[in-house]
Amino acid sequence: MSHFCLAAILVAGLPLAVSAAIAADPAVELRQALEQLAADEAARAESSLQGIVEQHGDYWPAALELGRLRLRQRRVAEAIPPLETAARLAPDEYGTRSLLGQAYALADRYPDAEREFLVALAVKPGDFQTLYNLGRLYRLQERYKESRKRLQEALELVPTPSDLPRVHQNLAVVLLALGRRSESLPHLQAFLEARPDRHALRLQLANTQFELSLYGEALDSVEHVLASGITEPSAHYLKGMLCKIKTRNEEAIAAFRAALKANPDFTRARYQLAVMLVEESRYEEAQTLLQQVLESEPNHPNAHYVLSSVLRRLGNVADADAEVAIHNRLAEQQRARGRTVVAGEN
């Protein structure tokens with residue numbers, strides 16, 4: 001074969017060799033896989049990513065994207081191995097450690113998640129997402145003081161308004177758990193301004209307002225909840241208590257009845273309904289309700305006391321005296337238990 005012919009063969013084969021080299025470039029293959037993902041071809045993209053991981057075992061970006069894809073699909077157990085591979089290959093990359101921490105958190109592997117988030121935070125100090133993830137992780141573990149610190153740091157670094165509600169929600173829950181009810185209020189209100197359909201949290205707001213003696217605001221909040229069609233017995237009960245405080249007796253009676261309709265075993269609602277009926281001089285109905293309360297809770301001292309008053313009003317003095325005696329005995333037992341506790345603590 002002439003040198004000319006050999007050279008021609010080599011030149012002719014050069015583009016094919018270059019093309020094969022390009023096709024074998026994991027970065028090119030990764031870009032193609034991500035294009036497939038952008039085109040909603042998730043299964044094809046996953047297959048491509050898996051192929052890159054198998055053929056290029058040291059190429060961590062493909063392992064990271066494979067884990068990300070599976071995590072987005074909530075296939076947590078399948079997402080963790082490639083994410084662990086990515087973190088091992090690129091231990092100083094924020095994305096690998098942060099995403100692996102999220103996967104561990106979803107898998108309830110909280111110590112592992114905390115470790116990864118702390119590494120991510122060391123790599124990228126002051127990062128909103130990692131601070132938020134840590135705060136939420138500590139909340140799930142009931143480590144409320146640590147959670148509060150991280151969430152407050154995250155609140156100061158919120159990148160976009162759309163991120164605010166979730167921080168407010170978690171901070172509100174943490175502050176309530178810490179007994180800091182007044183501090184929780186602005187966070188509850190801010191969250192509900194953004195998510196007005198979250199009725200369970202609005203009911204929590206109403207309860208918090210009630211505990212802080214903000215009765216008008218609490219009534220507005222609970223009526224908002226009930227107007228949404230919620231049939232939660234505690235919402236009706238709270239409205240009843242608020243209407244009772246405001247001496248709106250008929251509304252209170254209606255609310256306690258609604259609570260009992262939603263939950264016939266709601267003893268507190270039954271007792272409060274009886275008390276309201278006594279105020280309205282409806283003694284026979286109140287007597288029946290109080291006796292039902294005492295069937296469920298025979299050691300309810302206040303029910304015995306109110307029943308004694310009702311029986312006296314109905315002219316049954318002997319039974320009224322018997323109920324007073326029971327009340328006095330139960331009250332003395334409670335006082336004795338209180339003294340024992342105090343003495344023990346000293």
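Mentor: Start with Arg-282 and Glu-250, which form a salt bridge in this predicted model; the closest N and O atoms of the two are 3.7 Å apart. A salt bridge here is a side-chain nitrogen of Lys or Arg within 4 Å of a carboxyl oxygen of Asp or Glu. The pair links distant parts of the chain, 32 residues apart: Arg-282 is in the loop between α16 (267-279) and α17 (283-296), and Glu-250 is in helix α15 (residues 249-262). Helices are DSSP runs of H or I, at least four residues, numbered from the N terminus. Arg-282 has a relative accessibility of 30% and counts as partly exposed. Glu-250, at 48%, also counts as partly exposed. The cut-offs are under 20% relative accessible area for buried, over 50% for exposed and partly exposed in between (1.4 Å probe, protein chains only).

Helix α15, which holds Glu-250, also holds Phe-256. Phe-256 counts as buried, with 0% relative accessibility. Apart from neighbours within four places in sequence, Phe-256 is in contact (heavy atoms within 4.5 Å) with Tyr-237, Gly-240, Met-241, Ala-269, Gln-272, Leu-273 and Met-276. From Phe-256 to Leu-277 the C-alpha distance is 11 Å, for a gap of 21 residues in sequence.

Next, take Glu-46 and Arg-70, whose side chains meet in a salt bridge at 3.0 Å, N to O. Glu-46 is buried, its relative accessible area being 15%. Arg-70 also counts as buried, at 12% relative accessibility.

The salt bridge between Glu-153 and Arg-150 has its N and O atoms at 3.4 Å. Both residues are in helix α9 (residues 144-155); they are three residues apart, so about one helical turn separates them. Glu-153 counts as partly exposed at 24% relative accessibility, whereas Arg-150 is buried, with a relative accessible area of 18%.

Glu-84, Arg-97, Arg-109, Asp-112, Arg-115 and Glu-116 are linked in a network of salt bridges. The structure holds 27 salt bridges.

A word on confidence. The mean pLDDT of the chain is 90, and 91% of the residues reach 70 or more; pLDDT is the predictor's confidence in each residue, from 0 to 100. Over residues 1-23 the pLDDT is below 50, and this stretch has four contacts in the model beyond near neighbours in sequence. Residues 339-346 also stay under 50, and the model has one contact for them beyond four places in sequence.

Residues are numbered from 1 along each chain as its sequence is written, and side-chain values use heavy atoms, with hydrogens and water left out. As the model is predicted, local features need pLDDT of at least 70 and side-chain atom pairs count only at pLDDT 80 or more, while totals for chains, interfaces and linings use all residues.

Technical notes. Helix = DSSP H or I, 4+ residues; strand = E, 2+ residues; numbered from the N terminus.
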